Amino acid sequence: MSSSLQAFLAMGGYAAYVWPAYAVFLLVLLGDTLVPTLRRRRIVRELRARLVRQAARQDAAHAAPVAESGAAAAPSRSR
Amino acid sequence: MTRWIPLWLHRLSSPPTFYRFAGVVWPWAMGLALVAGAIGLYGGLVLAPPDYQQGDAYRVIFIHVPSAWMSMFIYAVMAVASFVAVVWRIKLAEVVAMQSAPIGAAFTFITLVSGSLWGKPMWGTWWTWDARLTSELVLLFLYLGVIGLYHAFEDRRQGARAAGFLAIIGIINVPIVHFSVNWWNTLHQGSTINFFGSSKIAADMLWPLLVMTLATKLYYVASLCRRARVDLLALEGNKAWVQEVVAPEVTP
């Protein structure tokens with residue numbers, strides 16, 4: 001390790017105060033950017049599942065009269 | 001000119017329009033924040049000379065002061081957005097107010113921790129109950145109170161309204177934080193930067209500080225855009241525009 005880099009890392013003897021301060025700054029802001037990333041992933045997954053359920057329900061409602069007799073179709077739609 | 005600004009604002013306050021607008025803005029804001037942050041940190045940590053009194057310990061200033069400004073700036077944005085939300089019940093204003101709170105709390109936390117790490121070698125103590133430090137701690141509690149109150153309600157919009165009132169009342173603390181070093185005898189030093197007079201800082205220390213200030217501002221814009229977008233998806237989950245946004249992400 002070169003002496004100039006060592007001198008830089010030593011921060012004139014204040015390394016124990018300067019570097020933790022910068023670490024907190026970077027880690028807290030990194031955490032702040034991760035929150036919406038993770039939340040978006042969860043919400044999109046939930047909304048997708050809801051869309052799939054809705055599509056399945058609509059399919060079932062439309063498919064019922066074809067698959068069964070006309071009389072049996074009515075109760076299946078109300079579900 | 002004066003006619004189309006309210007019209008443009010009105011359009012922008014519609015959730016799908018803002019969702020798209022914020023989607024364009026945030027990558028630019030984040031990219032510029034990273035560039036400015038890198039330049040500012042290089043200028044502050046490498047190029048700027050050591051302080052004649054504090055040696056290299058003063059370098060905490062390059063994150064401490066921008067974070068402290070952001071803690072107050074974001075509070076002001078949150079309070080104004082809350083006021084708009086409470087008076088006109090604009091959904092986007094609620095979103096901006098409530099999504100600003102965690103970012104403001106993050107910057108307030110950074111301010112307190114970096115200040116503590118700066119105070120130990122310079123003042124000989126991690127913490128003292130002086131006016132500046134105490135009012136900044138109160139600011140953190142106000143942010144946490146707003147976040148807590150918002151989540152305490154089953155109905156999100158009712159929660160935003162209650163938390164909005166707290167945010168508006170708490171704005172009193174912002175000038176107290178700012179002027180505390182003038183109004184009381186504090187251990188904390190007075191303002192280094194004066195926008196309406198000469199600053200008490202050398203130019204090669206000043207420019208990294210200003211660049212870091214710009215970086216934190218841009219970061220706030222980016223983070224707020226991202227948080228607001230996700231929140232709008234959650235709030236408007238039943239609307240057609242959200243289903244259009246989510247639909248391409250549905251695997252066929």
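This is a short walk through a two-chain structure, chain A with chain B.

Okay, ground rules before the tour. It's a predicted model, where local features need pLDDT of at least 70 and side-chain atom pairs count only at pLDDT 80 or more, while totals for chains, interfaces and linings use all residues. Residues are numbered from 1 along each chain as its sequence is written, and chains are lettered from A and ligands numbered from 1 in the order in which they are written.

Let's start with chain A. It has three helices and zero strands, so from the N terminus on you read α-α-α; helices here are DSSP runs of H or I, at least four residues, strands are runs of E, at least two, and both are numbered from the N terminus. Of its 79 residues, 13% are buried, and buried means 20 or more other C-beta atoms within 10 Å of the residue's own, with exposed being 12 or fewer, partly exposed in between, and the C-beta atoms placed from the backbone.

Chain B is helical too, with nine helices and zero strands. Its C-alpha trace spans about 60 × 45 × 35 Å along the principal axes. Of 252 residues in chain B, 41% are buried. Two residues are in contact when their C-beta atoms, placed from the backbone, lie within 7 Å. Take the chain B contacts between residues at least 6 apart in sequence: 76% of them join residues at least 24 apart.

So how do the chains meet? On chain A, 23 residues are in contact with 33 residues of chain B. The chain A side of that has 17 nonpolar, two polar and four charged residues. For those classes, Ala, Val, Leu, Ile, Met, Phe, Trp, Tyr, Cys and Pro are nonpolar, Asp, Glu, Lys and Arg are charged, and the others, Gly among them, are polar.

Now, α4(B), residues 91-123, packs on α5(B), residues 131-151, at about 150° with axes 9 Å apart. Axes are lines fitted to C-alpha atoms, for helices over the stretch in contact, and angles run from 0 to 180 degrees between N-to-C directions. That pair is therefore roughly antiparallel; the cut-offs are under 35 degrees for roughly parallel, over 145 for roughly antiparallel, 65 to 115 for roughly perpendicular, and the rest oblique. Residues making the contact include Ala105(B) of α4(B) and Tyr143(B) of α5(B). By class that contact has 14 nonpolar, three polar and one charged.

Last pair: α3(B), residues 61-88, against α6(B), residues 156-170, at about 130° with axes 8 Å apart, which makes them oblique. Met78(B) and Phe83(B) are among the α3(B) residues there, with Phe165(B) and Ile168(B) among those of α6(B).
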